[in-house]
Structure formats: C-alpha cells, structure tokens
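Please work through each task before reading its solution.

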Number of protein chains: 2
Amino acid sequence: MAITIHDVAGRAQVSVSTVSRAFTMPELVRPATRELVLRAADELGYRPNRAARGLITGKTGNLGIVVPDLQNPFFPSVVSGAQAQARQADYAVFLADSAEDPRLESELIHAMTKQVDGVIVCSSRMDAKDLRTASESTTLVLLNRKNPGVPAVLMNSADGMRQAVEHLAALGHRRCAFLSGPRNSWSNKERRRGLRAASRLCGVEVVELGPFAPVFEAGLQAADIALATNVTAVVAFNDLMALGVLNRLNDRKIAVPDEMSVVGFDDIAMAGMCTPQLTTVEMPTRQGGRAAVDLLLDELAGGEGDRGAAQQRVVGTQLIVRASTAPPRS
Amino acid sequence: MAITIHDVAGRAQVSVSTVSRAFTMPELVRPATRELVLRAADELGYRPNRAARGLITGKTGNLGIVVPDLQNPFFPSVVSGAQAQARQADYAVFLADSAEDPRLESELIHAMTKQVDGVIVCSSRMDAKDLRTASESTTLVLLNRKNPGVPAVLMNSADGMRQAVEHLAALGHRRCAFLSGPRNSWSNKERRRGLRAASRLCGVEVVELGPFAPVFEAGLQAADIALATNVTAVVAFNDLMALGVLNRLNDRKIAVPDEMSVVGFDDIAMAGMCTPQLTTVEMPTRQGGRAAVDLLLDELAGGEGDRGAAQQRVVGTQLIVRASTAPPRS
DNA sequence: ACAATTTTTGCAAAGGTTTGCAAAATCTTC
DNA sequence: GAAGATTTTGCAAACCTTTGCAAAAATTGT
C-alpha cells in the first residue's frame with residue numbers, strides 16, 4: 001500500500017542506502033544520482049516514514065504542547081504561534097488539553113514523551129517536583145511558569161502591570177482594586193508582584209480581592225465586590241474577568257470609564273470588540289509560542305551539556321490604552 | 001536511555017513476545033505471568049514505543065486535525081472536543097493550522113498522512129478534487145464540509161437559520177439583511193440556503209450583502225452597508241461579524257435591539273459577554289469534534305469495505321435568544 | 001596506462017515492536 | 001501415569017529507515 005524507500009530504490013536502480021542519503025545527506029551522493037533518486041521519489045510520491053527514521057535516529061521530528069484550557073483564547077494563540085514556528089523547522093506538533101488538571105497534565109506529558117523530541121508546557125499548575133521529574137524524562141520548556149532547572153519563556157507581566165499602574169496614576173487614580181487570579185498560578189504571582197511594586201512607587205493604594213477563577217463569570221461577581229470598596233479603578237487578572245466586570249457595571253448603570261476605570265490583561269481579541277473597548281496589557285502570545293519552540297529547538301540542538309543555569313527567555317508586554325480608562329470623577 | 005520491552009522481559013524473566021502479548025492480547029498469557037510482567041513494567045516505568053509498534057501494525061494510534069484558523073474561537077472548541085474524545089480512545093492528536101490557505105491545507109494533510117491513522121479536516125476550502133485525492137491516501141473525515149465519497153459530520157446550519165428567521169418573523173420583522181461569509185465555504189452556502197427557504201416560508205424579504213471575510217472588522221464595515229438598505233434586522237454569517245455590527249451600530253448611536261435587531265451564528269463565548277448580549281445560533285462545536293473522531297474511528301474499524309455511500313453525521317443547532325433582537329420599531 | 005587517492009555506492013546490522021509458527025508446559029481423560 | 005488436547009511461551013522474521021564499514025567507481029598524478 002504505502003510506498004517505501006525500497007520502491008524508490010527499485011525505480012531509480014540504486015540501493016536503499018543511496019536513496020536514504022539522497023534525502024538526508026545530499027552532499028554524499030553524486031549530483032546525477034541524487035537527481036535520479038529525487039525524480040523517482042517524486043514520481044512515486046514518496047514520503048519518508050518518520051516513525052521508522054525516529055526509531056533509528058532517536059529523533060521523532062515531533063514536539064508536544066500542553067495547555068490547561070483551549071477554550072481560553074489566550075492559548076489557541078500561543079499554540080498557533082508555536083505550530084507555525086514548528087512547521088518552519090519541519091516539526092509536527094501534538095496538542096493536548098489538560099482541562100486545568102495538574103495530574104492529567106503530568107500524565108499527558110508522560111504519554112507524549114516517547115513520540116516527541118520535547119514538549120512545551122503552558123501555564124503549568126504542576127508542582128515543582130513533578131515538573132522537575134518530567135523534565136528529566138524529556139526535554140521540557142515552560143511557558144509562563146518558572147521552575148528551577150527547566151528552561152522557560154516568560155512574559156513580562158510585572159512590567160505590564162507597572163505600565164498599567166503608571167497609566168492609572170497619571171490619570172489621577174489613587175485607590176484601585178486588583179481582582180486576583182488562581183492562587184498557584186505563576187502569572188498571578190507576577191502580576192501581583194508588579195502591581196505591588198508599581199503602586200508603592202506611584203503612591204496608589206491597592207485593595208486586593210479574590211482569588212477568583214480566571215473566567216467571565218468571576219468578573220460579574222467581582223464587580224459588585226469592587227464597587228463596595230470605594231475604588232475608582234479596577235485591574236483584573238485577565239481580560240475575561242475584566243469583561244465580566246464591564247458587563248456587570250453596565251447592568252448596574254455604572255458608567256465606564258467615567259465612574260469607574262477598568263483594565264484587563266492579555267489583550268484577547270475580544271478586548272477590542274466590546275464597549276467600551278478595554279484598556280489592557282497585551283501579552284505577546286504568538287511570539288511567546290514561537291519563542292518557546294525556538295528555545296526547545298535550541299535545547300535539543302545544544303545537546304545534554306548542562307551549560308549552567310537553564311535558559312530563560314523573557315518577552316515584553318505592552319499596555320494598550322483604549323476606552324475603559326479615564327480620570328476619576330473628581 | 002529509554003527503557004524497552006527487552007528490559008521488562010529481562011526483569012520479569014520472560015521473553016519479549018510474552019511482554020508484548022501481556023499488553024496487547026492479555027487473554028493469551030497466563031494470569032500469573034501477566035501479573036509478573038505488568039509489575040515489572042510498572043516498576044521500570046515502561047511505556048511501549050508507539051512508533052515501533054506502528055511500524056509493524058500499520059496503525060500509529062495518532063490522528064490529525066487541521067483547522068483553517070485557530071484564532072477563530074469556533075475551532076479551538078472543536079479541537080478541544082476532538083482531543084478529549086481521542087484521548088478516551090487512547091489516540092494522540094496532531095494539530096495543524098492552515099491559515100485559511102487551501103494549498104497549505106492540502107500540504108499539511110499530506111505531511112501528516114504517514115504519522116496518523118486518519119485526519120479530521122475542519123471547514124475545508126480545498127476543492128472537491130483535491131479533497132477526493134487526499135481521502136484516497138489517508139482516512140479522512142470532514143467537518144462542516146460536504147464532499148462526495150468522503151465521510152463528514154455536519155452541523156445543521158440550515159435549520160439554525162430557519163429558527164433565526166422564524167424568530168425574527170415572529171417578532172414582526174419583514175425585511176432583513178444577510179451578511180454573507182466566504183463564498184466557497186460550505187457553511188456559508190448552507191446558511192444561505194436555510195435563510196432563503198425559511199424567509200420564503202415566513203414571508204420576510206432578505207437582502208444579501210457581501211461576501212465578507214468572517215472577521216470582526218468586516219462586521220464594522222457591513223453595519224454601515226446594512227444601515228443603508230433600510231432593513232430592521234441583520235443576520236450575520238458568524239458571531240465575529242455580528243459583534244462588529246453591534247460595535248459599529250453603537251458608535252453610530254443606533255440602538256440595538258430597538259432600532260435594529262442583530263443575530264449572529266456560532267455562539268462563541270463572546271456572544272454572551274457583550275452588550276447587548278447577542279442572539280445567535282449555537283453550533284455544537286465540542287460535540288462536533290467528538291462526533292468527528294467517533295466517525296473517524298468507525299471508519300478505521302470498519303475497514304476498507306466501502307459499504308455504499310460515505311457516512312454522514314449531522315448534529316443539531318439551537319437558536320439562543322438573548323438581548324440583541326426585539327420587535328422592530330413600528 | 002597504472003597506481004594512489006578520493007568519491008560514491010552497496011551490504012548488512014540496528015532500532016523497538018508484533019506475530020506466525022513451533023516447542024514447551026499444563027490440563028484432561030482414561 | 002500416559003496419551004492426547006489445549007494453553008502458554010519463545011524464536012525469529014518483519015516493518016522502514018539510517019549508518020558504519022568495505023567494496024566499487026571515479027578522479028588524479030605521473
């Protein structure tokens with residue numbers, strides 16, 4: 001059925017080794033024969049069997065990516081960037097969704113490990129030890145999660161927060177709420193840290209609410225709580241929550257941004273589609289996905305040589321000022 | 001490095017064949033030895049190498065899924081459903097994004113074909129011939145696309161449209177606009193067909209605009225055009241466009257739904273988060289993804305036996321009435 | 001034209017698994 | 001307890017590649 005290297009060899013009247021070399025080490029075969037082989041392969045529509053190749057080379061040409069929730073628009077974007085970059089390097093990608101379950105996450109990584117050269121784990125909630133273990137059985141790259149000894153690409157959320165706070169301070173806000181995200185999420189810790197630091201510097205008081213689930217519904221709920229705290233602005237852990245806040249404030253006839261400023265985080269597509277359009281911190285998701293595969297590929301090429309600390313790549317974030325922030329009503 | 005079936009055999013003091021059988025045909029090995037093998041495997045943390053297995057069985061235990069645009073929230077949802085279902089059957093999934101390019105789509109399918117047992121192609125824009133060809137070199141299942149000889153799961157968009165039109169007619173609308181999507185998309189044809197049929201029955205006149213790209217920005221643009229046509233309601237090809245319309249109407253101070261009703265299609269998460277909340281037709285995306293892998297697995301199990309026409313599964317749609325539709329201003 | 005190089009090619013083993021076949025072990029029956 | 005039937009096991013070939021090694025062919029220098 002499927003056509004193999006032998007068929008090509010037969011048609012081109014050469015040995016299979018020659019065919020193999022024509023593909024993988026072209027400089028070792030005489031140009032004329034290479035031409036011959038390539039034509040034969042083309043006529044037959046031959047594609048090398050990567051599994052068989054992997055068996056002997058130990059490299060599969062695949063990589064895996066596991067995300068906690070594909071339904072959160074943040075991740076498809078990361079995946080999309082990763083997939084595009086992987087393709088450029090002629091890698092195929094396995095995708096798995098862990099449904100925010102750390103145990104499933106761990107299981108998925110393990111299940112993949114034989115079929116891939118390495119895996120990218122996004123916003124992992126696994127504990128440090130498991131992560132460490134996993135990184136010993138396969139090449140791992142973390143995205144938006146830091147773990148000693150494991151390379152990672154990180155988005156500079158703290159700096160994004162700084163920008164957001166400076167923006168609010170410049171507008172004249174002196175007291176604002178932070179709607180905290182999942183407690184054990186690295187992103188949440190970072191955002192919180194950035195917020196704390198910046199607010200001290202800018203002299204704005206922050207009241208922290210939560211933790212909340214990083215979803216729309218939590219925003220609805222959080223809006224009322226924030227309203228009760230007498231702040232003039234609210235910064236949400238992510239855009240989904242911010243959208244919830246916007247929605248609830250609208251229901252309660254609180255004008256945004258006149259009576260309350262709202263800032264989100266992530267810049268999901270939706271942030272530019274709602275009314276008022278949401279001021280938010282853009283996370284370079286596709287770029288992050290690309291960076292993660294770059295890092296992974298580096299790691300694979302660099303060999304096992306543990307040259308000191310694990311690599312780390314940090315990509316910048318950018319405040320996008322839209323219509324949901326304004327000076328507080330005097 | 002990696003631990004193989006031989007290691008397990010060694011530890012359990014049996015031959016590799018026995019180990020192999022303990023996993024794949026348990027009833028052929030004596031319970032006691034099976035137990036022995038399983039324990040040894042467990043202690044060693046053995047995982048069979050699927051590539052090697054695939055080499056000999058001809059089955060990879062993987063399947064592929066290609067989508068035109070991961071950034072469109074419709075597809076992550078489908079993928080998520082498919083991935084979950086695949087996992088249940090112990091299949092891993094390859095994901096590829098064709099960036100709405102039919103040629104890339106075709107290329108991706110080909111590239112995958114050696115690594116998977118079958119592939120699910122979502123909302124394909126490939127032409128019928130290429131699709132047919134592709135389906136000869138691997139088991140194919142289409143989602144939201146119909147092609148002779150290729151099994152497919154279809155979402156009943158036409159019926160969704162019927163529900164939408166009946167809803168508008170019941171509210172008293174007599175003239176409405178349809179913002180058409182990509183011309184060569186099966187979904188668009190179906191929606192259009194359903195709209196036509198229902199509008200004739202309900203006695204509502206429809207003016208068709210477009211085609212437009214199925215994105216937010218196109219909705220902005222389309223809103224003005226619709227406004228110029230003196231209709232009381234607009235039905236968009238999908239939610240992204242509908243959101244654009246909502247946005248633009250808001251800018252132009254046209255009250256929705258009082259001065260204009262808007263209905264979308266897909267029921268993406270965003271539809272419930274905007275103001276006013278969008279009346280739309282729910283597409284059973286996750287269910288569709290699941291159905292697609294079921295169908296694919298059936299197809300694989302059913303063998304090559306072409307028992308007549310290609311299978312087809314159609315899943316229903318449901319109008320979700322929210323706040324963007326109301327009786328027209330008299 | 002020949003020897004000495006160098007380049008190009010082929011042979012065969014290897015990689016981890018499954019499976020047909022035959023041998024060994026166990027069970028039945030008398 | 002032995003013959004026969006049946007279950008359980010092991011051997012070795014096969015799947016499709018890549019690659020070390022050695023043989024063959026081409027090239028070079030004289």
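Two strands pair if DSSP finds at least two bridges between them; helices (H or I, at least four residues) and strands (E, at least two) are DSSP runs numbered from the N terminus. The model is predicted: local features need pLDDT of at least 70, side-chain atom pairs count only at pLDDT 80 or more, and totals for chains, interfaces and linings use all residues. Residues are numbered from 1 along each chain as its sequence is written, and chains are lettered from A and ligands numbered from 1 in the order in which they are written.

**Exercise 1.** Determine how strand β3 (residues 118-122) of chain A and β4(A) pair, and over how many bridges.

Solution. Step 1: the two strands pair in the parallel sense, over five bridges. Step 2: Leu142(A) in β4(A) has Val121(A) opposite. Step 3: Leu142(A) also has a bridge partner in β5(A), namely Ala152(A).

**Exercise 2.** Decide whether strand β4 (residues 139-143) of chain A is enclosed or open.

Solution. Step 1: a residue is buried if 20 or more other C-beta atoms, placed from the backbone, lie within 10 Å of its own, exposed if 12 or fewer, and partly exposed in between. Step 2: five of the five residues of β4(A) are buried, so the strand is largely enclosed by the rest of the structure. Step 3: Thr139(A), Val141(A) and Leu143(A) point one way, Leu140(A) and Leu142(A) the other.

**Exercise 3.** Find the angle at which the axes of helix α1 (residues 5-12) and helix α3 (residues 31-44) of chain A cross.

Solution. Step 1: axes are lines fitted to C-alpha atoms, for helices over the stretch in contact (C-beta atoms, placed from the backbone, within 7 Å), and angles run from 0 to 180 degrees between N-to-C directions. Step 2: the axes come within 9 Å and cross at roughly 120°.
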